[in-house]
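Morning, everyone. Please have a look at the model on the screen before I start talking.

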Amino acid sequence: MPETLIFYLLSGLAIVTSALVIGQRNPMYSVMLLIASFGALAGLYVTLDAPFVAVAQIIIYAGAIMVLFLFVVMLLNAPQEDAAEWDRTHPLRQPGVGRFGALLALLLVVQLSWALLRTGSVEVPVAGAVDAETISSVRAVGRTLFTDYVFAFEATSILILVAMVGAVVLAHREGEER
Amino acid sequence: MELRFLVQLAVIGLTFFMLINASALLVYAERKVMGFMQQRYGPYRVGPHGLLQPFADILKLLFKEELRPKGADKWLFTLAPMLSVTAAFAAFATVPWGGETTLFGLLDDPIKLGVADVNVGVLVVFAITSMGVYGIVLAGWSSNSKYSLFGGLRASAQMISYELSYATALAAVILLSGSMSLRETVDAQAGFWFGFIPQWYVFLQPLGFIIYMIAGIAETNRAPFDFPEAEQELVAGYNTEYSSVRFALFPQAEYINMATTAAVATDLYLGGWHGPFLPPELEWIWFLVKVGIILFAYIWVRWTVPRYRYDQLMQFGWKWLFPAAVINLILTAAGVLYFNA
(Lines give C-alpha, C1' and ligand atoms only; values in the text may rest on other atoms or scores of the structure.)
Protein backbone atom coordinates (compact mmCIF):
# COMPACT_ATOMS: atom_id res chain seq x y z
CA MET A 1 0.00 0.00 0.00
CA PRO A 2 2.03 3.00 -1.18
CA GLU A 3 -0.52 5.46 0.20
CA THR A 4 -0.22 4.10 3.72
CA LEU A 5 3.56 4.20 3.41
CA ILE A 6 3.46 7.84 2.27
CA PHE A 7 1.08 8.68 5.10
CA TYR A 8 3.39 7.22 7.75
CA LEU A 9 6.41 8.84 6.12
CA LEU A 10 4.82 12.30 6.05
CA SER A 11 3.19 12.13 9.47
CA GLY A 12 6.44 10.79 10.97
CA LEU A 13 8.30 13.68 9.37
CA ALA A 14 5.72 16.18 10.69
CA ILE A 15 5.94 14.80 14.24
CA VAL A 16 9.75 14.57 14.32
CA THR A 17 10.27 18.07 12.92
CA SER A 18 7.66 19.55 15.27
CA ALA A 19 9.39 17.94 18.25
CA LEU A 20 12.74 19.25 17.04
CA VAL A 21 11.29 22.78 16.77
CA ILE A 22 10.95 22.86 20.56
CA GLY A 23 14.28 21.10 21.11
CA GLN A 24 16.49 23.55 19.22
CA ARG A 25 18.67 26.06 21.04
CA ASN A 26 19.05 28.18 17.91
CA PRO A 27 15.78 29.99 17.01
CA MET A 28 16.83 30.05 13.34
CA TYR A 29 16.83 26.25 13.24
CA SER A 30 13.45 26.17 14.98
CA VAL A 31 11.98 28.32 12.21
CA MET A 32 13.44 26.14 9.47
CA LEU A 33 12.18 22.94 11.12
CA LEU A 34 8.72 24.45 11.50
CA ILE A 35 8.70 25.14 7.76
CA ALA A 36 9.64 21.51 7.12
CA SER A 37 6.80 20.45 9.39
CA PHE A 38 4.34 22.62 7.43
CA GLY A 39 5.64 21.08 4.22
CA ALA A 40 4.94 17.58 5.57
CA LEU A 41 1.43 18.67 6.57
CA ALA A 42 0.84 20.03 3.06
CA GLY A 43 1.90 16.64 1.72
CA LEU A 44 -0.66 14.97 3.97
CA TYR A 45 -3.38 17.25 2.57
CA VAL A 46 -2.39 16.20 -0.95
CA THR A 47 -2.83 12.53 -0.01
CA LEU A 48 -6.29 13.49 1.29
CA ASP A 49 -7.26 14.73 -2.22
CA ALA A 50 -7.27 18.35 -1.09
CA PRO A 51 -4.59 20.03 -3.24
CA PHE A 52 -6.12 23.47 -2.69
CA VAL A 53 -5.77 23.20 1.10
CA ALA A 54 -2.21 21.94 0.65
CA VAL A 55 -1.24 24.86 -1.58
CA ALA A 56 -2.96 27.34 0.74
CA GLN A 57 -1.01 25.83 3.64
CA ILE A 58 2.27 26.43 1.81
CA ILE A 59 1.40 29.93 0.54
CA ILE A 60 0.03 31.24 3.82
CA TYR A 61 2.03 29.44 6.51
CA ALA A 62 5.30 28.41 4.91
CA GLY A 63 5.45 31.24 2.39
CA ALA A 64 4.18 34.27 4.25
CA ILE A 65 3.95 33.81 8.01
CA MET A 66 7.24 31.97 8.40
CA VAL A 67 9.06 34.60 6.32
CA LEU A 68 7.88 37.13 8.90
CA PHE A 69 9.09 34.84 11.71
CA LEU A 70 12.46 34.55 10.03
CA PHE A 71 12.55 38.30 9.54
CA VAL A 72 11.90 38.93 13.23
CA VAL A 73 14.47 36.35 14.38
CA MET A 74 17.05 37.89 12.06
CA LEU A 75 16.29 41.46 13.12
CA LEU A 76 16.34 40.70 16.83
CA ASN A 77 19.42 38.55 16.30
CA ALA A 78 18.17 36.30 19.11
CA PRO A 79 21.11 34.63 20.86
CA GLN A 80 21.47 30.88 21.18
CA GLU A 81 20.05 29.57 24.42
CA ASP A 82 22.61 28.56 26.98
CA ALA A 83 21.96 25.14 28.56
CA ALA A 84 22.89 26.19 32.13
CA GLU A 85 20.88 29.40 31.80
CA TRP A 86 17.93 27.45 30.55
CA ASP A 87 18.07 25.03 33.49
CA ARG A 88 18.15 27.94 35.90
CA THR A 89 15.23 29.77 34.30
CA HIS A 90 13.11 26.70 33.64
CA PRO A 91 9.47 27.53 34.45
CA LEU A 92 9.15 24.59 36.84
CA ARG A 93 11.93 26.06 38.99
CA GLN A 94 10.38 29.49 39.14
CA PRO A 95 8.32 30.54 42.15
CA GLY A 96 4.72 31.72 41.85
CA VAL A 97 3.31 32.57 38.42
CA GLY A 98 5.92 30.65 36.42
CA ARG A 99 5.19 27.41 38.22
CA PHE A 100 1.43 27.95 37.80
CA GLY A 101 1.93 28.38 34.05
CA ALA A 102 3.98 25.21 33.88
CA LEU A 103 1.23 23.32 35.71
CA LEU A 104 -1.31 24.63 33.21
CA ALA A 105 0.93 23.45 30.36
CA LEU A 106 1.12 19.98 31.93
CA LEU A 107 -2.65 19.98 32.27
CA LEU A 108 -2.95 20.82 28.58
CA VAL A 109 -0.72 17.86 27.68
CA VAL A 110 -2.88 15.53 29.80
CA GLN A 111 -6.07 16.92 28.26
CA LEU A 112 -4.74 16.59 24.73
CA SER A 113 -3.59 13.01 25.23
CA TRP A 114 -6.95 12.15 26.80
CA ALA A 115 -8.78 13.72 23.87
CA LEU A 116 -6.57 11.94 21.34
CA LEU A 117 -7.00 8.57 23.07
CA ARG A 118 -10.77 9.09 23.10
CA THR A 119 -10.99 9.88 19.40
CA GLY A 120 -9.11 6.66 18.78
CA SER A 121 -12.22 4.71 19.73
CA VAL A 122 -14.63 6.99 17.88
CA GLU A 123 -15.58 5.95 14.37
CA VAL A 124 -13.35 7.87 11.95
CA PRO A 125 -15.02 8.67 8.61
CA VAL A 126 -13.63 6.43 5.89
CA ALA A 127 -11.71 8.09 3.07
CA GLY A 128 -14.06 8.79 0.18
CA ALA A 129 -17.02 9.42 2.47
CA VAL A 130 -16.51 13.15 1.93
CA ASP A 131 -17.08 14.25 -1.62
CA ALA A 132 -13.60 14.72 -3.08
CA GLU A 133 -14.95 17.19 -5.66
CA THR A 134 -16.11 19.52 -2.92
CA ILE A 135 -12.78 19.71 -1.12
CA SER A 136 -10.52 19.98 -4.14
CA SER A 137 -12.57 22.55 -6.02
CA VAL A 138 -11.61 26.11 -5.23
CA ARG A 139 -15.03 27.24 -6.40
CA ALA A 140 -16.81 25.02 -3.85
CA VAL A 141 -14.50 26.09 -1.02
CA GLY A 142 -15.07 29.75 -1.86
CA ARG A 143 -18.82 29.34 -2.11
CA THR A 144 -19.18 27.64 1.29
CA LEU A 145 -16.78 30.11 2.86
CA PHE A 146 -18.79 33.12 1.68
CA THR A 147 -22.29 31.70 2.24
CA ASP A 148 -22.57 29.13 5.05
CA TYR A 149 -19.58 30.32 7.04
CA VAL A 150 -19.62 34.00 6.14
CA PHE A 151 -20.19 35.11 9.74
CA ALA A 152 -17.26 33.09 11.09
CA PHE A 153 -15.13 34.29 8.20
CA GLU A 154 -15.89 37.99 8.74
CA ALA A 155 -15.60 37.66 12.51
CA THR A 156 -12.16 36.11 12.14
CA SER A 157 -11.00 38.91 9.88
CA ILE A 158 -12.18 41.49 12.42
CA LEU A 159 -10.37 39.55 15.14
CA ILE A 160 -7.15 39.65 13.12
CA LEU A 161 -7.64 43.38 12.50
CA VAL A 162 -8.06 43.94 16.25
CA ALA A 163 -4.88 41.98 16.92
CA MET A 164 -3.04 44.10 14.37
CA VAL A 165 -4.30 47.37 15.87
CA GLY A 166 -3.35 46.05 19.30
CA ALA A 167 0.17 45.24 18.16
CA VAL A 168 0.58 48.73 16.70
CA VAL A 169 -0.73 50.32 19.93
CA LEU A 170 1.62 48.23 22.07
CA ALA A 171 4.68 48.76 19.89
CA HIS A 172 4.17 52.45 19.17
CA ARG A 173 5.17 54.78 21.97
CA GLU A 174 3.96 58.36 21.70
CA GLY A 175 6.72 60.98 21.65
CA GLU A 176 9.49 58.45 22.20
CA GLU A 177 12.94 60.00 22.41
CA ARG A 178 15.96 58.25 21.05
CA MET B 1 1.16 2.08 -22.55
CA GLU B 2 4.87 1.38 -22.24
CA LEU B 3 5.75 3.81 -25.02
CA ARG B 4 3.45 6.46 -23.60
CA PHE B 5 5.14 6.23 -20.21
CA LEU B 6 8.58 6.61 -21.81
CA VAL B 7 7.45 9.63 -23.84
CA GLN B 8 6.02 11.22 -20.70
CA LEU B 9 9.33 10.67 -18.92
CA ALA B 10 11.17 12.13 -21.90
CA VAL B 11 8.96 15.25 -21.77
CA ILE B 12 9.77 15.71 -18.08
CA GLY B 13 13.48 15.22 -18.73
CA LEU B 14 13.31 17.65 -21.64
CA THR B 15 11.69 20.30 -19.42
CA PHE B 16 14.54 19.95 -16.93
CA PHE B 17 17.11 20.06 -19.73
CA MET B 18 15.52 23.19 -21.21
CA LEU B 19 15.56 24.97 -17.84
CA ILE B 20 19.25 24.22 -17.28
CA ASN B 21 20.05 25.45 -20.77
CA ALA B 22 17.82 28.47 -20.33
CA SER B 23 20.00 29.63 -17.45
CA ALA B 24 23.18 29.15 -19.53
CA LEU B 25 21.69 30.87 -22.56
CA LEU B 26 20.40 33.74 -20.44
CA VAL B 27 23.88 34.37 -19.02
CA TYR B 28 25.13 34.62 -22.59
CA ALA B 29 22.17 36.70 -23.78
CA GLU B 30 22.53 39.05 -20.84
CA ARG B 31 26.18 39.75 -21.57
CA LYS B 32 25.61 40.01 -25.30
CA VAL B 33 22.65 42.41 -25.00
CA MET B 34 24.52 44.43 -22.38
CA GLY B 35 27.47 44.65 -24.76
CA PHE B 36 25.18 45.78 -27.57
CA MET B 37 23.61 48.47 -25.40
CA GLN B 38 27.00 49.70 -24.24
CA GLN B 39 28.33 49.74 -27.82
CA ARG B 40 30.82 46.91 -27.47
CA TYR B 41 30.94 43.28 -28.55
CA GLY B 42 30.40 41.40 -25.28
CA PRO B 43 31.87 37.89 -25.02
CA TYR B 44 33.48 37.04 -28.36
CA ARG B 45 36.46 34.73 -27.82
CA VAL B 46 35.12 31.38 -26.60
CA GLY B 47 33.43 29.60 -29.49
CA PRO B 48 31.71 31.35 -32.45
CA HIS B 49 30.56 34.80 -31.30
CA GLY B 50 31.35 33.76 -27.72
CA LEU B 51 28.56 31.16 -27.66
CA LEU B 52 30.52 28.81 -25.41
CA GLN B 53 31.18 31.55 -22.85
CA PRO B 54 28.61 30.18 -20.31
CA PHE B 55 30.37 26.82 -20.30
CA ALA B 56 33.71 28.52 -19.74
CA ASP B 57 32.13 30.44 -16.84
CA ILE B 58 30.71 27.28 -15.27
CA LEU B 59 34.00 25.37 -15.63
CA LYS B 60 35.88 28.26 -14.06
CA LEU B 61 33.50 28.32 -11.10
CA LEU B 62 33.68 24.53 -10.66
CA PHE B 63 37.46 24.64 -10.32
CA LYS B 64 37.49 27.47 -7.79
CA GLU B 65 38.17 26.82 -4.14
CA GLU B 66 35.12 26.47 -1.89
CA LEU B 67 35.33 28.97 0.94
CA ARG B 68 33.18 29.20 4.04
CA PRO B 69 33.69 32.06 6.50
CA LYS B 70 34.69 30.99 10.01
CA GLY B 71 31.67 32.56 11.70
CA ALA B 72 29.19 31.15 9.20
CA ASP B 73 26.50 28.71 10.21
CA LYS B 74 27.69 25.45 8.63
CA TRP B 75 24.32 23.83 7.93
CA LEU B 76 22.30 26.78 6.76
CA PHE B 77 25.22 28.12 4.68
CA THR B 78 25.21 24.86 2.71
CA LEU B 79 21.42 24.54 2.63
CA ALA B 80 20.68 28.05 1.31
CA PRO B 81 21.91 27.70 -2.31
CA MET B 82 20.34 24.25 -2.58
CA LEU B 83 16.97 25.64 -1.44
CA SER B 84 17.18 28.47 -3.97
CA VAL B 85 17.86 26.27 -6.95
CA THR B 86 15.44 23.49 -5.91
CA ALA B 87 12.59 25.97 -5.53
CA ALA B 88 13.48 27.47 -8.91
CA PHE B 89 13.31 24.11 -10.69
CA ALA B 90 10.23 22.88 -8.79
CA ALA B 91 8.24 26.02 -9.64
CA PHE B 92 8.23 25.03 -13.31
CA ALA B 93 6.55 21.69 -12.54
CA THR B 94 3.00 22.85 -13.28
CA VAL B 95 3.82 25.21 -16.16
CA PRO B 96 2.70 23.71 -19.49
CA TRP B 97 4.79 24.63 -22.53
CA GLY B 98 2.89 23.00 -25.38
CA GLY B 99 -0.52 21.72 -26.39
CA GLU B 100 -1.68 18.13 -26.72
CA THR B 101 0.24 16.25 -29.36
CA THR B 102 0.51 12.72 -30.75
CA LEU B 103 4.07 13.38 -31.96
CA PHE B 104 3.09 13.06 -35.67
CA GLY B 105 0.95 9.98 -35.05
CA LEU B 106 3.49 8.10 -32.93
CA LEU B 107 1.03 7.75 -30.05
CA ASP B 108 -2.62 6.72 -30.13
CA ASP B 109 -3.76 9.19 -27.48
CA PRO B 110 -2.27 12.68 -27.42
CA ILE B 111 -0.02 13.59 -24.49
CA LYS B 112 0.31 17.00 -22.90
CA LEU B 113 3.59 18.87 -23.16
CA GLY B 114 4.56 19.87 -19.65
CA VAL B 115 5.48 18.12 -16.41
CA ALA B 116 2.22 18.01 -14.46
CA ASP B 117 -1.30 19.32 -14.97
CA VAL B 118 -2.80 20.23 -11.59
CA ASN B 119 -6.18 21.91 -11.15
CA VAL B 120 -4.59 24.55 -8.88
CA GLY B 121 -1.54 25.05 -11.13
CA VAL B 122 -1.28 28.83 -10.77
CA LEU B 123 -1.29 28.54 -6.99
CA VAL B 124 1.38 25.83 -7.02
CA VAL B 125 3.70 28.05 -9.05
CA PHE B 126 3.00 30.90 -6.67
CA ALA B 127 3.53 28.74 -3.55
CA ILE B 128 6.86 27.35 -4.69
CA THR B 129 8.29 30.66 -5.92
CA SER B 130 7.42 32.12 -2.52
CA MET B 131 9.60 29.39 -0.98
CA GLY B 132 12.54 30.64 -3.04
CA VAL B 133 12.97 33.64 -0.74
CA TYR B 134 14.22 31.34 2.03
CA GLY B 135 17.33 30.52 0.03
CA ILE B 136 18.26 34.19 -0.21
CA VAL B 137 17.33 35.09 3.38
CA LEU B 138 19.20 32.11 4.83
CA ALA B 139 22.23 32.82 2.66
CA GLY B 140 22.24 36.37 4.02
CA TRP B 141 21.87 35.34 7.63
CA SER B 142 24.14 32.29 7.73
CA SER B 143 27.12 34.08 6.14
CA ASN B 144 27.49 36.11 9.34
CA SER B 145 28.47 39.22 7.38
CA LYS B 146 26.75 42.58 7.56
CA TYR B 147 26.53 43.01 3.78
CA SER B 148 24.98 39.58 3.37
CA LEU B 149 22.56 40.18 6.23
CA PHE B 150 21.36 43.44 4.69
CA GLY B 151 20.92 41.70 1.35
CA GLY B 152 18.84 38.97 2.97
CA LEU B 153 16.68 41.44 4.92
CA ARG B 154 16.02 43.54 1.84
CA ALA B 155 15.17 40.44 -0.16
CA SER B 156 12.54 39.28 2.31
CA ALA B 157 10.94 42.72 2.69
CA GLN B 158 10.91 43.25 -1.07
CA MET B 159 9.50 39.84 -1.93
CA ILE B 160 6.71 40.06 0.66
CA SER B 161 5.70 43.49 -0.66
CA TYR B 162 5.67 42.58 -4.33
CA GLU B 163 4.14 39.13 -3.90
CA LEU B 164 0.84 40.85 -3.04
CA SER B 165 0.61 42.79 -6.29
CA TYR B 166 1.81 39.73 -8.19
CA ALA B 167 -0.92 37.52 -6.72
CA THR B 168 -3.63 40.18 -7.18
CA ALA B 169 -2.71 40.56 -10.85
CA LEU B 170 -2.92 36.77 -11.24
CA ALA B 171 -6.33 36.71 -9.53
CA ALA B 172 -7.80 38.93 -12.27
CA VAL B 173 -6.72 36.43 -14.94
CA ILE B 174 -8.19 33.56 -12.90
CA LEU B 175 -11.49 35.47 -12.83
CA LEU B 176 -11.48 35.75 -16.61
CA SER B 177 -10.58 32.16 -17.36
CA GLY B 178 -12.60 30.69 -14.49
CA SER B 179 -9.90 28.10 -13.87
CA MET B 180 -6.69 27.84 -11.87
CA SER B 181 -5.20 25.32 -14.25
CA LEU B 182 -2.60 26.96 -16.49
CA ARG B 183 -3.47 24.61 -19.36
CA GLU B 184 -7.16 25.53 -19.24
CA THR B 185 -6.23 29.21 -19.07
CA VAL B 186 -4.15 28.84 -22.23
CA ASP B 187 -6.92 26.94 -24.01
CA ALA B 188 -9.40 29.67 -23.08
CA GLN B 189 -7.26 32.07 -25.13
CA ALA B 190 -7.54 30.18 -28.42
CA GLY B 191 -9.38 31.84 -31.30
CA PHE B 192 -9.77 35.40 -32.58
CA TRP B 193 -11.92 38.48 -32.07
CA PHE B 194 -13.33 39.91 -35.34
CA GLY B 195 -11.30 37.25 -37.13
CA PHE B 196 -7.86 38.81 -36.68
CA ILE B 197 -7.19 39.89 -33.06
CA PRO B 198 -6.01 36.87 -31.05
CA GLN B 199 -8.04 36.33 -27.87
CA TRP B 200 -5.12 36.83 -25.55
CA TYR B 201 -5.76 38.11 -22.04
CA VAL B 202 -3.12 40.80 -22.49
CA PHE B 203 -5.72 42.74 -24.52
CA LEU B 204 -8.32 42.40 -21.73
CA GLN B 205 -5.78 42.91 -18.95
CA PRO B 206 -3.24 45.49 -20.18
CA LEU B 207 -2.89 46.96 -16.68
CA GLY B 208 -2.69 43.51 -15.12
CA PHE B 209 0.04 42.49 -17.55
CA ILE B 210 2.13 45.57 -16.72
CA ILE B 211 1.66 44.99 -12.98
CA TYR B 212 2.59 41.33 -13.39
CA MET B 213 5.77 42.17 -15.28
CA ILE B 214 6.89 44.84 -12.79
CA ALA B 215 6.19 42.61 -9.81
CA GLY B 216 7.91 39.77 -11.66
CA ILE B 217 11.08 41.81 -12.02
CA ALA B 218 10.97 42.61 -8.30
CA GLU B 219 10.30 38.96 -7.44
CA THR B 220 13.34 37.78 -9.37
CA ASN B 221 15.49 40.53 -7.77
CA ARG B 222 16.62 42.08 -11.02
CA ALA B 223 17.52 45.65 -11.81
CA PRO B 224 15.98 48.20 -11.31
CA PHE B 225 14.86 46.29 -8.19
CA ASP B 226 18.10 44.38 -7.45
CA PHE B 227 18.42 45.60 -3.87
CA PRO B 228 19.40 42.27 -2.34
CA GLU B 229 22.64 42.50 -4.31
CA ALA B 230 23.07 46.27 -4.96
CA GLU B 231 26.77 46.20 -5.85
CA GLN B 232 27.48 49.81 -5.01
CA GLU B 233 26.26 49.52 -1.42
CA LEU B 234 26.44 45.87 -0.38
CA VAL B 235 29.43 44.44 -2.32
CA ALA B 236 27.27 41.62 -3.73
CA GLY B 237 24.53 41.38 -1.10
CA TYR B 238 23.40 37.99 0.10
CA ASN B 239 25.96 36.03 -1.92
CA THR B 240 29.01 38.07 -0.89
CA GLU B 241 30.60 35.24 1.10
CA TYR B 242 29.89 32.49 -1.40
CA SER B 243 32.35 31.01 -3.86
CA SER B 244 32.67 28.20 -6.39
CA VAL B 245 29.64 25.95 -7.07
CA ARG B 246 27.63 27.29 -4.15
CA PHE B 247 27.94 30.77 -5.62
CA ALA B 248 27.06 29.51 -9.11
CA LEU B 249 23.74 28.13 -7.85
CA PHE B 250 22.39 31.59 -6.94
CA PRO B 251 22.61 33.17 -10.40
CA GLN B 252 21.35 29.90 -11.84
CA ALA B 253 18.30 30.05 -9.58
CA GLU B 254 17.78 33.69 -10.58
CA TYR B 255 17.87 32.93 -14.30
CA ILE B 256 15.58 29.91 -13.94
CA ASN B 257 13.15 32.07 -11.96
CA MET B 258 13.24 34.60 -14.80
CA ALA B 259 12.40 31.85 -17.27
CA THR B 260 9.54 30.63 -15.06
CA THR B 261 8.10 34.14 -14.68
CA ALA B 262 8.27 34.67 -18.43
CA ALA B 263 6.70 31.25 -19.11
CA VAL B 264 3.83 31.92 -16.70
CA ALA B 265 3.31 35.36 -18.27
CA THR B 266 3.15 33.69 -21.69
CA ASP B 267 0.63 31.12 -20.48
CA LEU B 268 -1.56 33.63 -18.66
CA TYR B 269 -1.45 36.71 -20.88
CA LEU B 270 0.02 35.90 -24.30
CA GLY B 271 -1.99 32.85 -25.26
CA GLY B 272 0.68 30.29 -24.48
CA TRP B 273 1.53 28.17 -27.52
CA HIS B 274 -1.35 29.42 -29.68
CA GLY B 275 -0.19 31.10 -32.86
CA PRO B 276 -0.64 30.99 -36.63
CA PHE B 277 1.14 28.96 -39.36
CA LEU B 278 2.45 26.06 -37.27
CA PRO B 279 0.99 22.51 -37.08
CA PRO B 280 -0.16 21.37 -33.60
CA GLU B 281 2.99 19.28 -33.16
CA LEU B 282 5.22 22.33 -33.49
CA GLU B 283 3.09 24.93 -31.69
CA TRP B 284 5.50 24.94 -28.75
CA ILE B 285 7.86 26.96 -30.97
CA TRP B 286 5.46 29.89 -30.51
CA PHE B 287 5.74 29.39 -26.78
CA LEU B 288 9.54 29.57 -26.93
CA VAL B 289 9.37 32.67 -29.15
CA LYS B 290 7.05 34.51 -26.76
CA VAL B 291 9.12 33.55 -23.72
CA GLY B 292 12.23 34.72 -25.57
CA ILE B 293 10.67 38.12 -26.30
CA ILE B 294 9.69 38.61 -22.64
CA LEU B 295 13.17 37.58 -21.48
CA PHE B 296 14.74 40.05 -23.92
CA ALA B 297 12.52 42.76 -22.43
CA TYR B 298 13.76 41.79 -18.97
CA ILE B 299 17.40 42.19 -20.00
CA TRP B 300 16.58 45.37 -21.89
CA VAL B 301 15.02 46.90 -18.75
CA ARG B 302 17.99 45.85 -16.63
CA TRP B 303 20.54 47.69 -18.77
CA THR B 304 18.51 50.84 -19.43
CA VAL B 305 16.79 51.70 -16.14
CA PRO B 306 18.87 52.81 -13.13
CA ARG B 307 18.27 51.31 -9.71
CA TYR B 308 15.66 52.86 -7.42
CA ARG B 309 16.33 53.99 -3.87
CA TYR B 310 15.18 51.46 -1.30
CA ASP B 311 12.41 53.61 0.23
CA GLN B 312 11.20 54.46 -3.30
CA LEU B 313 10.89 50.75 -3.97
CA MET B 314 8.71 50.23 -0.91
CA GLN B 315 6.62 53.33 -1.64
CA PHE B 316 6.08 52.27 -5.22
CA GLY B 317 5.16 48.72 -4.21
CA TRP B 318 2.64 49.63 -1.55
CA LYS B 319 1.26 53.00 -2.67
CA TRP B 320 1.07 52.55 -6.44
CA LEU B 321 1.43 48.98 -7.63
CA PHE B 322 -0.78 47.29 -5.04
CA PRO B 323 -3.71 49.78 -5.27
CA ALA B 324 -3.49 49.56 -9.06
CA ALA B 325 -3.65 45.77 -8.86
CA VAL B 326 -6.69 45.93 -6.55
CA ILE B 327 -8.50 48.38 -8.86
CA ASN B 328 -7.70 46.10 -11.78
CA LEU B 329 -9.15 43.14 -9.88
CA ILE B 330 -12.36 45.00 -8.97
CA LEU B 331 -12.87 46.26 -12.54
CA THR B 332 -12.29 42.76 -13.91
CA ALA B 333 -14.74 41.24 -11.44
CA ALA B 334 -17.37 43.87 -12.39
CA GLY B 335 -16.75 43.21 -16.08
CA VAL B 336 -17.06 39.45 -15.68
CA LEU B 337 -20.33 39.91 -13.74
CA TYR B 338 -21.76 42.34 -16.32
CA PHE B 339 -20.91 40.34 -19.45
CA ASN B 340 -21.67 36.90 -18.05
CA ALA B 341 -25.00 37.83 -16.47
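How many of the 22 residues of helix 4 of chain B are buried? The answer is 22 of the 22, so helix 4 of chain B is largely enclosed by the rest of the structure. Buried has a cut-off here: 20 or more other C-beta atoms lie within 10 Å of the residue's own, while exposed is 12 or fewer, partly exposed is in between, and C-beta atoms are placed from the backbone.

Some ground rules. This is a predicted model, so local features need pLDDT of at least 70 and side-chain atom pairs count only at pLDDT 80 or more, while totals for chains, interfaces and linings use all residues. Residues are numbered from 1 along each chain as its sequence is written, and chains are lettered from A and ligands numbered from 1 in the order in which they are written. Helices are DSSP runs of H or I with at least four residues, strands are runs of E with at least two, and both are numbered from the N terminus.

Back to helix 4 of chain B, residues 121-142. From first C-alpha to last, helix 4 of chain B reaches 33 Å, close to the 32 Å expected at 1.5 Å a residue. That expected span is 1.5 Å times one less than the number of residues. Just after helix 4 of chain B comes N144(B), with a positive phi of about 60°.

Which way does helix 4 of chain B run relative to helix 10 of chain B, roughly parallel or roughly antiparallel? Their axes come within 12 Å and cross at roughly 160°. Helix 4 and helix 10 of chain B are therefore roughly antiparallel to each other. Axes are lines fitted to C-alpha atoms, for helices over the stretch in contact, and angles run from 0 to 180 degrees between N-to-C directions. Under 35 degrees counts as roughly parallel, over 145 as roughly antiparallel, 65 to 115 as roughly perpendicular, and the rest as oblique.

The crossing of helix 4 of chain B with helix 10 of chain B is left-handed. Left-handed means the near helix is turned anticlockwise from the far one by less than a right angle; clockwise would be right-handed. On the helix 4 side of chain B, the contact uses V125(B), T129(B), G132(B) and G135(B). Helix 10 of chain B brings A253(B), N257(B) and V264(B). Contact means that the C-beta atoms of two residues, placed from the backbone, lie within 7 Å. By class, this contact between helix 4 and helix 10 of chain B has 3 nonpolar, 4 polar and no charged residues. Nonpolar covers Ala, Val, Leu, Ile, Met, Phe, Trp, Tyr, Cys and Pro; charged covers Asp, Glu, Lys and Arg; the others, Gly among them, are polar.

Next pair. Helix 5 (residues 146-177) and helix 12 (residues 310-340) of chain B have axes that come within 9 Å and cross at roughly 15°. That makes helix 5 of chain B roughly parallel to helix 12 of chain B. Helix 5 of chain B also passes helix 12 of chain B in a left-handed crossing. The residues of this contact divide into 18 nonpolar, 7 polar and 1 charged.

Now helix 1 of chain B, residues 2-37. Its 36 residues reach 51 Å, close to the 52 Å expected. Its buried residues are A22(B), S23(B), L26(B), Y28(B) and E30(B). Helix 2, helix 10 and helix 11 of chain B are among what covers them.

The loop between helix 1 and helix 2 of chain B holds Q39(B) and H49(B). Most residues other than glycine have a negative phi. Yet phi of Q39(B) is near 55°, a positive value, and phi of H49(B) is near 55° too. Q39(B) is exposed, with 6 other C-beta atoms within 10 Å. H49(B) is partly exposed, with 14.

On to chain A. Chain A has 8 helices and 0 strands. Of its 178 residues, 13% count as buried. One buried residue is A50(A), with 20 other C-beta atoms within 10 Å. A50(A) sits in the loop between helix 2 and helix 3 of chain A. Its C-alpha is 9.8 Å from that of V138(A), 88 residues apart along the chain.

Finally, where do the chains meet? 14 residues of chain A are in contact with 18 residues of chain B. Helix 3 (residues 51-76) of chain A gives the largest share of chain A's side, 11 residues. That side has 12 nonpolar, 2 polar and no charged residues.
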